[in-house]
Amino acid sequence: MKRDGNILVIEPNHGLLTSLGILLKKHFEKVQTTHNLDRAEEFLAKDSFDVLLMDLDIFSKSSEAAETVSTFRQKNPGLEVVLLSTFAQVPMAAQCINCGAFDFVHKPWNEYKIVISLNNAVTRKGYRSKIAELEDEIEKLRSEAKAVGTDGIAEERNANAPLNGLRPTGTAPGNSSIAFENYDIFSNTPGSVYDETLEAIEQRIIKNVMLRNRGNISLTAQQLGITRQTLYNKLKKSNN
């Protein structure tokens, strides 16, 4: 069964774009693909997307990628961004994560990882929408309480009792961003989703590719886009 989600894909390589389109249409209800940023902006202006899957090969500088992620999310509230990244682009991906991107998938990608990452992004989009609805409900209750002169009682109840199973985490009255226990992972605070160092991310990627290639050093180095000697050095460093 397909997941109820609307995915926009930006991939400059036409062959990969076709492959991604075929893959994602097997798993999600709506998938739109394009090979450039200008067309992506047109699609975003016309439709409401849950997730943007974007290849970092579009950019030459980390600052450009991070600024684009930030701009897309500001113009499209609720949009989650997942990135495709080579091993060399890990620092760029990390900077984008700090600017609001949800996740990145290392290339060469596999079907499992992309589908899982996009599924998680769609799920987080749903949680964000639910939290927004709860915030509106709380503000409505506060307004009604003030109108009947029971604001103090309402504030005490909101501070000490769960609302639909969720308890506010010490948010002051009138705060526009109300966080709930079990939902803090969905905040926009840099590092709330990714708190790994660049070195730790690199080591994780290397180990995953090595496992996939059954320890083949040459093939792993080729897929990572680095020399055998560089790979040896990184493996030696991780074992120290």
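What kind of crossing does helix 7 make as it passes helix 8? The close-up views below come from a predicted model, in which local features need pLDDT of at least 70 and side-chain atom pairs count only at pLDDT 80 or more, while totals for chains, interfaces and linings use all residues. Residues are numbered from 1 along each chain as its sequence is written, and side-chain values use heavy atoms, with hydrogens and water left out.

**View 1. Helix 7 against helix 8.** Helix 7 (residues 198-212) and helix 8 (residues 217-224) have axes that come within 9 Å of each other and cross at roughly 130°, which makes helix 7 oblique to helix 8. Helix 7 passes helix 8 in a right-handed crossing. Helix 7 contributes Ile-205, Ile-206, Val-209, Met-210 and Arg-212 to the contact, and helix 8 contributes Ile-217, Thr-220, Gln-223 and Leu-224. By class, these residues of the contact between helix 7 and helix 8 comprise six nonpolar, two polar and one charged. In the loop between helix 7 and helix 8 lies Arg-214, whose phi is near 55°, a positive value in a residue other than glycine. Most residues other than glycine have a negative phi.

*Terms.* Helices (H or I, at least four residues) and strands (E, at least two) are DSSP runs numbered from the N terminus. Axes are lines fitted to C-alpha atoms, for helices over the stretch in contact, with angles from 0 to 180 degrees between N-to-C directions; under 35 degrees is roughly parallel, over 145 roughly antiparallel, 65 to 115 roughly perpendicular and the rest oblique. A crossing is left-handed if the near helix is turned anticlockwise from the far one by less than a right angle, and right-handed if clockwise. Contact means heavy atoms within 4.5 Å. Ala, Val, Leu, Ile, Met, Phe, Trp, Tyr, Cys and Pro count as nonpolar, Asp, Glu, Lys and Arg as charged, and the others, Gly among them, as polar.

**View 2. Helix 7 against helix 9.** Helix 7 packs with helix 9 (residues 228-239) at an angle of about 110°, and the two axes are 11 Å apart, which makes helix 7 roughly perpendicular to helix 9. The crossing of helix 7 and helix 9 is left-handed. From helix 7 the contact takes Glu-199, Glu-202, Gln-203, Ile-206 and Met-210, and from helix 9 it takes Leu-231, Lys-234, Leu-235, Lys-237 and Ser-238. Four nonpolar, two polar and four charged residues make up this contact of helix 7 with helix 9.

**View 3. Helix 3 against helix 4.** The axes of helix 3 (residues 62-75) and helix 4 (residues 90-98) are 9 Å apart, and the two helices pack at an angle of about 30°, which makes helix 3 roughly parallel to helix 4. Helix 3 and helix 4 have a right-handed crossing. In helix 3, Ser-62, Ser-63, Ala-65, Ala-66 and Val-69 meet Met-92, Gln-95 and Cys-96 of helix 4. This contact of helix 3 with helix 4 has five nonpolar residues, three polar and no charged.

View 4. Five strands form an open sheet in the order 2-1-3-4-5, with parallel pairing, where two strands pair if DSSP finds at least two bridges between them. Strand 2 (28-34) and strand 5 (103-106) are the edge strands, each pairing on one side only, and the twist from one strand to the next averages 20°. Strand 1 (residues 3-10) pairs with strand 2 in the parallel sense over six bridges, and Val-9 has Thr-33 in strand 2 as its bridge partner. Helix 1 (residues 14-25) lies across strand 1, strand 2, strand 3 (51-55) and strand 4 (80-85), running at about 170° to strand 2. Helix 5 (residues 111-147) lies across strand 1, strand 2, strand 3, strand 4 and strand 5, and runs at about 160° to strand 4.

View 5. A cis peptide bond, with omega about 5°, joins Lys-107 and Pro-108, and Pro-108 is placed in the loop between strand 5 and helix 5. The structure holds 10 salt bridges, each a side-chain nitrogen of Lys or Arg within 4 Å of a carboxyl oxygen of Asp or Glu. One of them joins the side chains of Glu-111 and Lys-26 (4.0 Å, N to O); this pair links distant parts of the chain, with Glu-111 in helix 5 and Lys-26 in the loop between helix 1 and strand 2, 85 residues apart.
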